[in-house]
Every structure is written in structure tokens, then in C-alpha cells.
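Thanks for coming. I have one structure to go through today, so please look at it first.

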Amino acid sequence: MKITELGITDIPKAFALCTKFNSESPVLSVYKVSALKGIQTLLNHAADTSKCAFVAKDGDRLVGIILGEVGEFIFNHEKVLQERLLFVEKDYRSKKIGLELLKTFISWGESLNVTDVWLNITSGMKHTRVSKLFKTMGFESIGTQWRRRK
């Protein structure tokens, strides 16, 4: 298993992973996936120096992905690293791929001098195992997220 930055040639396979993520999520699956928007997002994360995209590869197969970005807090200039998407293929879960993607993601953020790392579980998927992983890595739960949909 190898963790690498998302390359331009990886975009179609990465988009396929993101589509699987969307379809597995009880929250996100109500939204139609736009191929144009998805590919633009992946290209932006690969090209913008304040954003990142890392993939887990098993040979030529993409089996995991993490997207994130560095920004500033609203009322000060401290940098925060925010995860936007973390997904691992079903048959590759429980193999520490998520852990390796997170370690790579955090290391990238630390190289940009972030003071905080924020991770999310907003997809509606069962979060018991992911929460346990986050806690093991030293994260604390700081709240919840709410949605109202028309």
C-alpha cells in the first residue's frame, strides 16, 4: 500500500471513489453528484497549495482518499487544517489505510504550521470505528453538526 499526492492521471479513479463515498452515505446520497463539479474539486485540491489530496494505492487501484485545506480562524490568523473528505473502499477498511491517510494529511498540515486539525464525520455513516480512531490519534470531540433540508 502506498500513500501519494493525487496526480492528474488519478483524477478519474479518485472521482469514482468520491462517487462511492457519496452513494454509501445516508446523508449525502440524496444529493446528485455532478461530474464537472467533482472533477473541478479534485483538480483544485491537487493544484492549490492551501489544499491537499492524498490517495492510497494498491498497485494501480485507488482504495482510499483524503481531501483537506488550510485556512484561518474567523477572528485570528492561526491556521487550521480541515478535512473535507476521508474515504476507504469497503474491502480495504480495518487495514490501517485511513490511519495512514490521516497521518500523511496531518504531516502536510504541520509543514504549513497549522495550530489545529479538524476532522469531520458528517456523512451519516456509522462513526463508532472512525471516532475510536480519531480518539486514539489524540483528537477530542468538540460538538456536532445540524442540517435542515428543504
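I will take the sheet, then the helices, the cores and the cysteines.

This is a predicted model, in which local features need pLDDT of at least 70 and side-chain atom pairs count only at pLDDT 80 or more, while totals for chains, interfaces and linings use all residues. Residues are numbered from 1 along each chain as its sequence is written, and side-chain values use heavy atoms, with hydrogens and water left out.

Start with the sheet. Helices (H or I, at least four residues) and strands (E, at least two) are DSSP runs, numbered from the N terminus. Two strands count as paired if DSSP finds at least two bridges between them. The sheet is open, with five strands in the order 1-2-3-4-5 and mixed pairing. At its edges are strand 1 (2-5) and strand 5 (116-118), each pairing on one side only. From one strand to the next, the twist averages 25 degrees. Angles here run from 0 to 180 degrees between N-to-C directions, with axes as lines fitted to C-alpha atoms, for helices over the stretch in contact.

Strand 3 and strand 4 are antiparallel, paired over nine bridges. I65 is opposite F87 in strand 4.

Helix 1 (residues 11-24) lies across strand 3 and strand 4, at about 85 degrees to strand 3. Helix 2 (residues 35-47) lies across strand 2 and strand 3, and its angle to strand 3 is about 65 degrees.

Next, the cores. A nonpolar core is a set of buried Ala, Val, Leu, Ile, Met, Phe, Trp, Tyr and Cys residues joined through side-chain atoms within 4.5 Å. Buried means under 20% relative accessible area, exposed over 50%, and partly exposed in between, with a 1.4 Å probe and protein chains only.

The largest core has 19 residues, and L81, I97, L101, F105 and V117 touch the most other members. Strand 2 (51-58), strand 3 (61-72), strand 4 (79-88) and helix 3 (97-111) each give two or more residues. Helix 3 gives the most, six residues. Leaving out residues up to four places away in sequence, I97 touches M1, A56, V63, V88 and Y92. A separate core of 15 residues includes C18, F21, L42 and L62.

Last, how many disulfides are there? A search of the whole structure finds zero, a disulfide being a pair of cysteine sulfur atoms within 2.5 Å. C18 is buried at 15% relative accessible area, and C52 is buried at 3%.

Notes:
Contact = heavy atoms within 4.5 Å.
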